[in-house]
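Work through the exercises below with the sequence and the model at hand. Each task is followed by a solution in steps.

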Amino acid sequence: MSDFISIDIDELTIDEIEAVEEIIDASIESVAKPGSCKGKFLHALAFVVKRREDPAFTIEQAGSLKIRVERPAGKPDPTVPAAQ
């Protein structure tokens with residue numbers, strides 16, 4: 001499986017945000033910190049978004065997806081440290 005999905009972080013439901021935070025065992029904001037690991041966060045995002053269309057979709061299946069994180073113009077990427 002190598003599906004490609006797009007994710008608009010601003011479109012996550014409260015339940016989806018909670019699921020992501022449970023999976024990564026941290027707040028979503030924590031991934032914006034310099035040096036923080038992003039893989040588990042992206043894995044969790046892929047999982048919650050794919051479950052919208054397939055409730056049987058598993059966290060393991062999410063690992064083979066390709067992701068494009070979309071942000072409105074001018075909005076910083078939460079997975080990349082701010083320029084200093």
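**Exercise 1.** Which side chain meets R52 in a salt bridge, and what is the N to O distance?

Solution. The model is predicted, so local features need pLDDT of at least 70 and side-chain atom pairs count only at pLDDT 80 or more, while totals for chains, interfaces and linings use all residues. Residues are numbered from 1 along each chain as its sequence is written, and side-chain values use heavy atoms, with hydrogens and water left out.

Step 1. Apply the rule: a salt bridge is a side-chain nitrogen of Lys or Arg within 4 Å of a carboxyl oxygen of Asp or Glu. The partner of R52 is E16, at 2.6 Å, N to O.

Step 2. R52 lies in helix α2 and E16 in helix α1, 36 residues apart, and the pair links distant parts of the chain. Helices are DSSP runs of H or I with at least four residues, strands are runs of E with at least two, and both are numbered from the N terminus.

Step 3. Classify exposure (buried is under 20% relative accessible area, exposed over 50%, partly exposed in between, with a 1.4 Å probe and protein chains only). R52, at 46%, is partly exposed, and E16, at 10%, is buried.

**Exercise 2.** How many salt bridges does this rule give?

Solution. Step 1. The count is two. Besides the R52 pair with E16, K50 bridges to E53, with the closest N and O atoms 2.9 Å apart.

Step 1. K50 and E53 are three residues apart in helix α2, so about one helical turn separates them.

Step 2. K50 is buried at 10%, whereas E53 is exposed at 61%.

**Exercise 3.** Describe how α1 and α2 pack.

Solution. Step 1. The axes of α1 (residues 14-24) and α2 (residues 39-53) come within 9 Å and cross at roughly 145°. Axes are lines fitted to C-alpha atoms, for helices over the stretch in contact, and angles run from 0 to 180 degrees between N-to-C directions.

Step 1. List the contact residues (heavy atoms within 4.5 Å). α1 contributes E16, A19, V20, I23 and I24, and α2 contributes K40, F41, A44, L45, F47, V48 and R52.

**Exercise 4.** Which residues does V20 touch, leaving out those up to four places away in sequence?

Solution. The residues are I28, F41, A44, L45 and V48.
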